[in-house]
Structures are given as structure tokens and as C-alpha cells.
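I opened a new model today and kept notes on what I looked up. The entries are in the order in which I made them.

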Amino acid sequence: MKNIYFPNPITLSQSIIIISTTGRLNASILFDIQSYYQKLGYQVRIGKSCFISRKLNEADDQSRAKEIMDAIVDPKIGAIIFACGGEHSERLLPYLDPLKIRKHSKIIIGYSDISSILSYFVETCHRVVYHGRMALDATSNTKKQTKMLREVLEGRLSKINLPSLKVLRPGKAEGVLKGGCISVLTKLLRGEYEPFYHHCILFIEDIHESIHSLSHFFNSFDKAKKFNHLKGV
């Protein structure tokens with residue numbers, strides 16, 4: 001894989017923008033989100049997408065993708081933090097502009113359904129992204145999570161410790177970390193936006209899925225031979 005590049009740290013003159021690919025958030029939640037980041041000393045913008053319901057049509061996909069691209073090229077915005085999870089964020093990918101994304105490096109944070117957008121930034125645009133807690137989670141952040149968030153935003157994160165991680169098969173591995181929500185990654189298999197998993201470390205997450213669904217996702221990865229050339233999982 002080509003080299004991937006870290007985004008620029010946020011500056012004092014820049015804002016964080018909160019964008020929703022899922023739909024409207026209620027006013028009290030948006031107030032709490034804005035207050036959290038402001039107490040940390042950051043300027044905050046709430047994107048228009050946080051005030052309107054999600055419509056599964058082409059015009060809505062284009063509108064939400066445009067909001068992301070407008071934030072990417074706006075010099076006054078230093079970070080994009082997605083509001084919450086949901087589904088169908090992969091519908092926005094055809095309307096993103098990789099050339100502009102490569103030219104304007106921004107911090108991107110999200111997880112769950114946002115995995116498709118994060119994967120696009122890594123695979124197509126060669127940018128480091130942060131698979132981390134979204135704006136809706138921010139108000140319940142622990143001190144440790146808040147500290148790590150600040151380190152990400154200010155370009156000071158050098159190491160991630162996972163003391164509670166259970167190791168199933170000990171060993172050492174080195175490679176680009178790729179992955180995300182396995183139900184979302186399964187949607188991308190054999191498609192235009194499928195990540196290239198060779199020689200990388202794959203990480204997967206999901207929640208509220210049945211054993212039957214998880215079995216289907218893992219079998220899909222296995223049949224597509226995506227486990228064959230990994231450095232680790």
C-alpha cells in the first residue's frame with residue numbers, strides 16, 4: 001500500500017464540525033455535545049445534517065457528502081467528528097472527492113457505520129483516520145478518553161495501550177491497521193470501495209448482532225479469502 005499520511009493538528013483558529021450521516025439529533029443532545037467540546041477549549045460548529053431527518057434518496061446522499069466535502073476544504077475547520085452511528089453511510093462514497101481530500105488534510109473521527117467513510121479515507125485518499133468515539137458519546141467520556149481525544153486533535157497521540165485486551169494467540173505483528181464495523185465492511189466486499197487487506201492488521205467491531213449474523217459476516221470474509229494474507233486480527 002502507498003504511504004498514508006497523518007492529518008494536521010487542529011489550531012486555535014479552527015473549529016470542530018459535527019456531522020450526521022444518520023439524521024436529526026434533538027436540541028438538548030446537541031447542546032450537551034457543543035458544551036463538552038467548548039469546555040475543552042475548542043470552537044464547535046453543528047452541521048446542517050444534525051437538524052434534518054435522514055432520507056434514503058440520491059439527493060440526500062449528495063447533500064450529506066457535500067457537507068463533508070465543504071468541511072474538508074474549509075480552512076477554518078480542523079476536525080470532522082461524526083455525530084452518531086446508524087446505517088447506509090456507504091451511499092455517500094460516490095459523491096466524495098478523493099483529490100480534494102488528499103489536498104486538504106483534516107482529522108476525521110467516528111466508528112460503527114462510519115467505518116465505510118473511514119475506510120474510504122484510508123484506502124482511496126491515503127489518510128490516517130481515527131476509529132473513535134463519536135460526538136454523541138462525548139458527554140460520557142471518561143478522563144482517559146477525553147485525554148486521548150485531546151491528544152488526537154492536537155497531534156500528540158503517540159501510543160495506544162489496551163490493557164484489558166484478551167489475547168487469543170500471542171505473537172508480534174506490524175502493518176497498517178484497517179477495519180471497523182464488520183457488518184459495514186461486509187457490505188464493501190467485492191465492491192468498488194473494498195479495502196485491500198493484504199499484509200495489514202485487521203480489527204473488527206460490532207454491537208447487537210446475533211451469532212447467526214456474525215457467522216455470516218465472518219464466512220463472507222473467509223470465502224473472499226480476506227483472512228489469507230493478514231499480519232494479525
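These entries cover salt bridges, a helix, a cavity, a surface patch and some loop residues.

**Entry 1: ground rules**

I noted that this is a predicted model, in which local features need pLDDT of at least 70 and side-chain atom pairs count only at pLDDT 80 or more, while totals for chains, interfaces and linings use all residues. Residues are numbered from 1 along each chain as its sequence is written, and side-chain values use heavy atoms, with hydrogens and water left out.

**Entry 2: salt bridges**

How many salt bridges does the structure hold? I found 12 salt bridges (a side-chain nitrogen of Lys or Arg within 4 Å of a carboxyl oxygen of Asp or Glu).

I began with Asp61. Its salt bridge with Arg54 has the closest N and O atoms 3.2 Å apart. Asp61 and Arg54 are both buried (buried is under 20% relative accessible area, exposed is over 50%, and partly exposed is in between, with a 1.4 Å probe and protein chains only). Asp61 is counted as buried because its relative accessible area is 4%.

Asp61 also meets Arg91 in a salt bridge, 2.9 Å from N to O. This pair links distant parts of the chain, 30 residues apart: Asp61 is in helix H2 (residues 58-73), and Arg91 is in the loop between strand E3 (77-82) and helix H3 (98-103). I wrote down how these elements are set: helices (H or I, at least four residues) and strands (E, at least two) are DSSP runs, numbered from the N terminus. Arg91 has 28% relative accessibility, so it counts as partly exposed.

Next I looked at Asp70, which forms a salt bridge with Lys66, with 2.8 Å between the closest N and O atoms. Both residues lie in helix H2, 4 residues apart, about one turn of the helix. Asp70 counts as partly exposed because its relative accessibility is 38%. Lys66 has a relative accessible area of 51%, so it is exposed. I also noted that salt bridges with shared partners join Arg54, Asp60, Asp61, Arg64 and Arg91 into one network.

**Entry 3: helix H4**

Is helix H4 mostly covered or mostly open? I noted that H4 (residues 115-123) is mostly covered, with 9 of its 9 residues buried. Among the buried residues are Ser115, Tyr120, Phe121 and Glu123.

**Entry 4: the cavity**

Rolling a probe the size of a water molecule over the atoms shows where empty space is left. I looked for a cavity on a 1 Å grid over the protein atoms alone, that is, a set of points where a 1.4 Å probe fits but cannot get out. Grid points are joined across faces, edges and corners, and a volume is the space filled by probe spheres set on the points.

The structure holds 1 cavity of 30 Å³ or more. The volume of the largest cavity is about 40 Å³.

Which residues line the largest cavity? I listed Pro7, Ile72, Ile101, His104, Ser105, Lys106, Phe121, Arg127 and Val128 (lining residues have an atom within 4 Å of a point). By class, this lining has 5 nonpolar, 2 polar and 2 charged residues. In this sorting, Ala, Val, Leu, Ile, Met, Phe, Trp, Tyr, Cys and Pro count as nonpolar, Asp, Glu, Lys and Arg as charged, and the others, Gly among them, as polar.

**Entry 5: a surface patch**

I found that Ile160, Leu162 and Leu165 make a nonpolar surface patch of about 330 Å². For such a patch, residues need over 30% relative accessible area and no salt bridge, and nonpolar side chains (Val, Leu, Ile, Met, Phe, Trp, Tyr) are joined within 5 Å. The areas come from the Shrake-Rupley method with a 1.4 Å probe.

Leu162 is in the loop between helix H6 (143-153) and strand E6 (177-181). Its relative accessibility is 54%, so Leu162 counts as exposed. Leu165 lies in the loop between H6 and E6 and counts as exposed because its relative accessibility is 59%. From Leu165 to Asp222 I noted 57 residues in sequence and 24 Å in space, C-alpha to C-alpha.

**Entry 6: histidines in loops**

His198 is in the loop between helix H7 (182-188) and strand E7 (201-205). Its relative accessibility is 34%, so His198 counts as partly exposed. His199 lies in the loop between H7 and E7 and has a positive phi of about 60° although it is not a glycine.

His208 is in the loop between E7 and helix H8 (211-223). His208 also has a positive phi of about 60°, and it is not a glycine. It counts as exposed because its relative accessibility is 76%.

How values were computed: Patches are made of residues with over 30% relative accessible area and no salt bridge: like charges are joined within 9 Å, nonpolar side chains (Val, Leu, Ile, Met, Phe, Trp, Tyr) within 5 Å. On a 1 Å grid over the protein atoms alone, a cavity is a set of points where a 1.4 Å probe fits but cannot get out, and a pocket is an open set with protein on both sides within 12 Å along at least five of seven lines; lining residues have an atom within 4 Å of a point.
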